[in-house]
Amino acid sequence: MNIIGPDAVLFAVDDIDAASRYMLDFGLKAAGQVRDGLLFETLDGTGVIICQADAPGLTPPLSPTNKARKIVYGVADLQSLDAIAAELGKDREVKRLADGAIEACDDMGIPLVFQLTRRREFSLPAEKINAPGSPLQRPVNCVGVDDAVVVPQLRSLGHFALFVPDVTKAEAFYVERLQFRVNDRLGGGPFMRSKATQEHHTLFLIQTPPQLKGIEHMAFHLGGPSEVMQAGNRFRDLGYSSFWGPGRHGFGSNWFWYFDSPLGCRFEYDADMDKHDDSWVPREKPLHADSAQAYLMEMLEENWAPFNGPRKPAGSAA
C-alpha cells in the first residue's frame, strides 16, 4: 500500500468567499473545481478543498465545531488502490468513485478517500546556509535574504493532526490496516508516516472527548526557516491571528508558525522536517510545552531602531 500522504482535506463552510480569501492570503493558489469542491493548491498539487456546508450528498459533520468532512490520501499506483479496497472491504463498505478513487470510513467514522496522487514534480531551490568549517552552500555574492521575494511559495501539504476519541483504536487501524508506521510519541499521541514517504509524520493523533473529531491543524512545507518567518510576518500583517510560533518542534525538528483559520482548524507554515526509514527507533516524551517545542521565539509589536528606545513584548502594557 504505497500511500504517499494527504493530497487534500475537504472542508464544508458557510461562507465560501471568506474561506477562499483566507486560502489565497495564506499562499495557496486557486485551482478550480475538483471532485468534491474548489481546490486551493500548493506547488505540488496538494492542498485544501472547500464546498458549501449544504452541498448535496455531503457526509455529516465530524463534530459540532469541526468543518472537516473528508481526508483525501494520494497513493502511488493502481495496485495500492486495489490493495486498500480489498483490505478495507473485509469489514466495511468501500465505494468506487466515478474517477477510480475509493472511499471508506476509518474506525473513528472519519471518511477517507484514496486516489492516484495528484502530486506533481517541481523544481525550486531551498534555503542554503554558510558556516565556518563547512563548504559554502550559498556562493560568494549570493545573498541569503532577498527583498524581492514577497510571498514564499507553499511547496506541499506535509501533514495534519487529527482529533480522535480513541487514540489506541485509531492507531491500530492506520498501522494494521493501512501500513502506517509510528516514528515518535508525544504524550501517548503517535506521530505516524505513511508507507511511501520518509517524512517524520504525515499524521499526528490527538486524544479528545467522544464528541470531538476532525482536523486540529494542517501544515504546509516552505523552503526553510527564513521563509516560515517571512510568510508568517506577512500573514500576520494582513490581520490574521497567530496561535503558536514562530519556533521549532522537537520531534520532527520542523520550524513552525500556526495561525487560526475560519475552517475550524489551524494552518501551519513549516519547514525542514526530519526524514526517517524503517530502521528508526521511536522516541517518547510526556505531553508538555517543552516537549512539543525545541524553542519558541517571541514576536514583538514594534519596529526597532537604536534611536527609538527598547521594544516592548507583544501584548505588554504600554
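User: What does contact mean here, and what share of the contacts between residues at least 6 apart in sequence join residues at least 24 apart?
Analyst: Contact means that heavy atoms lie within 4.5 Å. The model of this protein chain is a predicted one. Among its contacts between residues at least 6 apart in sequence, the share that joins residues at least 24 apart is 68%.

User: How many helices and strands are there, and what does the globule rule give for 318 residues?
Analyst: The protein chain holds five helices and 18 strands. Its radius of gyration is 20 Å, close to what the globule rule gives for 318 residues, so the chain is as compact as a globular protein of that length; the value from the rule is 20 Å.

User: What percentage of the residues count as buried, if buried means under 20% relative accessible area?
Analyst: A residue is buried when its relative accessible area is under 20%.

User: Which strands stand at the edges of the open sheet of eight strands?
Analyst: The sheet is open and its pairing is mixed, with the eight strands in the order β2-β3-β4-β1-β5-β8-β7-β6. Each edge strand has a single partner strand, so one side of each is left without a neighbour in the sheet, and these strands are β2 (29–33) and β6 (95–96).

User: In which sense do β1 and β4 pair, and which residue in β4 is the bridge partner of Ala 12?
Analyst: Strands of a sheet pair through backbone hydrogen bonds, either parallel or antiparallel. Strand β1 (residues 3–13) and strand β4 (residues 47–52) are joined over six bridges, and their sense is parallel. The bridge partner of Ala 12 in β4 is Cys 51.

User: Which residue in β12 stands opposite Phe 160, and which one stands opposite Phe 191?
Analyst: Strand β9 (residues 156–164) pairs with strand β12 (residues 203–207) in the parallel sense over five bridges, whereas strand β11 (residues 189–193) pairs with β12 in the antiparallel sense over two bridges. In β12, the residue opposite Phe 160 is Leu 203, and the residue opposite Phe 191 is Phe 204.

User: Which residue takes a positive phi in the hairpin of β10 and β11?
Analyst: Strands β10 and β11 run antiparallel and are joined by five bridges, with Asp 184 having Phe 191 as its bridge partner in β11. The hairpin has two residues between the strands, and the residue there that takes a positive phi, near 60°, is Gly 187.

User: What is the C-alpha to C-alpha distance between Leu 186 and Ala 292?
Analyst: Leu 186 is found in strand β10 (residues 181–186), and it is buried, with a relative accessible area of 7%. Not counting residues up to four places away in sequence, Leu 186 touches residues including Phe 191, Phe 204, Phe 251 and Ala 292. Leu 186 and Ala 292 are 106 residues apart in sequence, and their C-alpha to C-alpha distance is 7.6 Å.

Methods
Residues are numbered from 1 along each chain as its sequence is written. This is a predicted model: local features need pLDDT of at least 70, side-chain atom pairs count only at pLDDT 80 or more; totals for chains, interfaces and linings use all residues. Side-chain values use heavy atoms; hydrogens and water are left out. Helices (H or I, at least four residues) and strands (E, at least two) are DSSP runs, numbered from the N terminus. The radius of gyration is taken over C-alpha atoms; the globule rule is 2.2 Å times the number of residues to the power 0.38. Two strands pair if DSSP finds at least two bridges between them. Buried means under 20% relative accessible area, exposed over 50%, partly exposed in between (1.4 Å probe, protein chains only).
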